[in-house]
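Here is a short briefing on one protein. Keep the structure open beside the text and find each part as you read.

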Amino acid sequence: MTTPFEYITRELHPDPCTSTALLYDDMDSQSGRSLPIIYEPFDAARKAHWQDRGALFDFLLTTCGEGKRLLDFGPGDGWPSLIVAPFAAEVVGVDGSARRVSVCQENARRMGIANATFVHVPPGMMLPFEDGSFDGILAASSVEQTPDPHATLAELYRVLKHGGRLRIRYEALGRYRGGHEEDAWLLPLDAGRCRLILYDRHVREERVSQVGLTFALPAAMLCQALDVPDRHALRFHDITVAHLQQLRPALREARLCQTVHPSGRTYHRFLREVGFQVVSPTHDGSHAAGELFDALPPASRPRDLAGVDAILRPIVEIITRLPAPVEGDPMMTAIKD
Ligand SMILES: C[S@@+](CC[C@H](N)C(=O)[O-])C[C@H]1O[C@@H](n2cnc3c(N)ncnc32)[C@H](O)[C@@H]1O
């Protein structure tokens with residue numbers, strides 16, 4: 001029996017593209033406007049908001065970034081640049097998507113942040129900075145979205161100062177084992193168009209084929225055609241070849257983006273290969289913050305941002321120095337001696 005991916009390859013001949021053309025250039029908000037402080041007032045009663053502060057102190061402390069000049073590679077909606085900026089001398093965000101850069105600039109302006117700037121660098125281009133331009137680099141779920149993660153890490157190494165640190169968070173594919181190797185997601189584009197994204201994850205080979213099918217239909221009509229109540233209920237197995245054949249008259253564009261998603265072990269090797277002398281997989285501050293939130297009875301949790309920061313900062317400082325097994329795909333700190 002023909003699978004949806006086989007049908008798409010044979011019949012729809014998708015055009016190769018980058019992740020920015022597949023997704024990021026067409027998203028109003030890459031985070032669904034869910035980021036604490038950037039889009040929502042900080043709420044000390046919410047675990048996700050503690051986790052966000054945990055992530056902030058993770059990036060800030062592991063890079064020794066306080067009062068320094070930092071690079072945020074692939075900031076999306078300005079994360080973590082815009083929450084790190086109040087602690088740094090300067091943050092420069094570089095993103096492969098022009099749309100993301102203008103969203104970051106608009107968020108910085110709205111938040112009154114003057115020491116964060118954002119630069120568009122098309123995928124595959126060298127970064128427009130001299131060697132050794134930054135004291136520290138933050139990369140959150142972005143390196144594996146570039147056409148060549150190994151080459152991207154080499155560029156990050158080049159623009160980092162000697163003695164500087166890179167802290168990297170990434171999406172390894174192990175988490176999708178056992179049922180999410182094939183996935184589907186529906187992105188509304190405007191009132192009359194939506195894009196169906198299908199993921200074919202090859203966990204062992206550490207690569208993903210992502211297909212984007214743009215239809216001249218509102219998202220709700222596409223859901224009706226697929227017999228799902230709304231886009232959040234959509235699963236890969238709801239989509240059949242018969243559906244794709246039936247929807248073909250409304251298809252306007254088919255694209256294919258191939259990405260490499262290194263596991264922790266592969267990232268470790270890549271980081272060493274591009275020149276980092278020390279690469280340390282460690283526990284992460286965001287996870288620790290969430291655990292602490294759960295461990296504290298609600299009445300004993302701090303109730304404001306200053307109180308949460310005061311309790312999290314020393315814990316994150318310790319946690320992020322503790323080695324974590326590389327098999328668990330932990331965050332990593334890489335040092336350029
Ligand atoms: C999954 S999002 C992560 C955004 C943000 N760091 C976060 O964690 O919320 C990936 C980001 O990487 C950016 N990106 C993709 N390819 C890139 C490239 N070649 N150079 C720089 N940024 C790129 C995307 O545009 C997007 O903003």
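The centres of domain 1 and domain 2 are 29 Å apart, taken over C-alpha atoms. The model is predicted. Domain 1 covers 4-28 + 174-260, and domain 2 covers 47-172 + 263-335.

**Where the domains meet**
- Nine residues of domain 1 contact 14 residues of domain 2.
- On the domain 1 side, helix H2 (19-22) and strand E10 (251-260) each give two or more residues.
- That side of domain 1 holds two nonpolar, five polar and two charged residues.

**The whole protein**
- The protein has 11 helices and 12 strands.
- Its C-alpha atoms fill a box of roughly 55 × 50 × 40 Å along the principal axes.
- The radius of gyration is 21 Å. A compact globule of 337 residues would have a value near 20 Å, so the protein agrees with that expectation.
- Buried residues make up 41% of the 337 residues.
- Take the contacts with a separation of 6 or more: 74% of them join residues 24 or more positions apart.

**Helix H10, side by side**
- Helix H10 spans residues 285-295. Its buried residues are Gly285, Ser286, Ala288, Ala289, Leu292 and Phe293.
- Why do the buried residues of H10 line one face of the helix? Seen down the axis, they fall within an arc of 160 degrees, so they share one face.
- Asp294 and Ala295 are exposed, on the other side of H10.
- What do the buried residues of H10 pack against? Their partners are helix H3 (47-62) and helix H11 (305-319).

- Valine 143 sits in the loop between strand E5 (134-140) and helix H6 (149-159).
- Is valine 143 buried or exposed? It has 25 other C-beta atoms within 10 Å; the cut-off for buried is 20 or more, so valine 143 counts as buried.
- Leaving out residues up to four places away in sequence, valine 143 touches Pro149, Thr152, Leu153, Ile168 and Tyr170.
- Valine 143 and arginine 175 are 32 residues apart in sequence, and their C-alpha atoms are 18 Å apart in space.
- Phenylalanine 270 belongs to helix H9 (residues 264-273). With 21 other C-beta atoms within 10 Å, phenylalanine 270 is buried.
- Phenylalanine 270 touches Pro149, His150, Leu153 and Pro262, again leaving out residues up to four places away in sequence. Pro149 and Leu153 are also among the residues that valine 143 touches.
- Phenylalanine 270 and alanine 154 are 116 residues apart along the chain. Their C-alpha atoms are separated by 8.8 Å.

**Backbone exceptions**
- Most residues other than glycine have a negative phi, and most peptide bonds are trans. The next points list exceptions.
- Tryptophan 79 and proline 80 are joined by a cis peptide bond, with omega about 5 degrees. Proline 80 lies in the loop between strand E2 (69-73) and helix H4 (81-84).
- Glutamate 206 is not a glycine, yet its phi is positive, about 60 degrees. Glutamate 206 is in the loop between strand E8 (193-202) and strand E9 (207-215).
- Glutamate 206 is buried, with 20 other C-beta atoms within 10 Å.
- Aspartate 329 also has a positive phi, near 50 degrees. The loop that holds aspartate 329 runs between H11 and strand E12 (331-335).
- Aspartate 329 is buried too, with 23 other C-beta atoms within 10 Å.

Notes: Residues numbered from 1 in each chain as written. Predicted model: local features only at pLDDT ≥ 70, side-chain atom pairs only at ≥ 80, totals over all residues. Domains from an automatic or database assignment. Contact = placed C-beta atoms within 7 Å. Helix = DSSP H or I, 4+ residues; strand = E, 2+ residues; numbered from the N terminus. Nonpolar A, V, L, I, M, F, W, Y, C, P; charged D, E, K, R; others polar. Buried ≥ 20, exposed ≤ 12 C-beta atoms within 10 Å, placed from the backbone. Arc of directions from axis to C-beta. Rg over C-alpha atoms; globule rule 2.2 N^0.38 Å.
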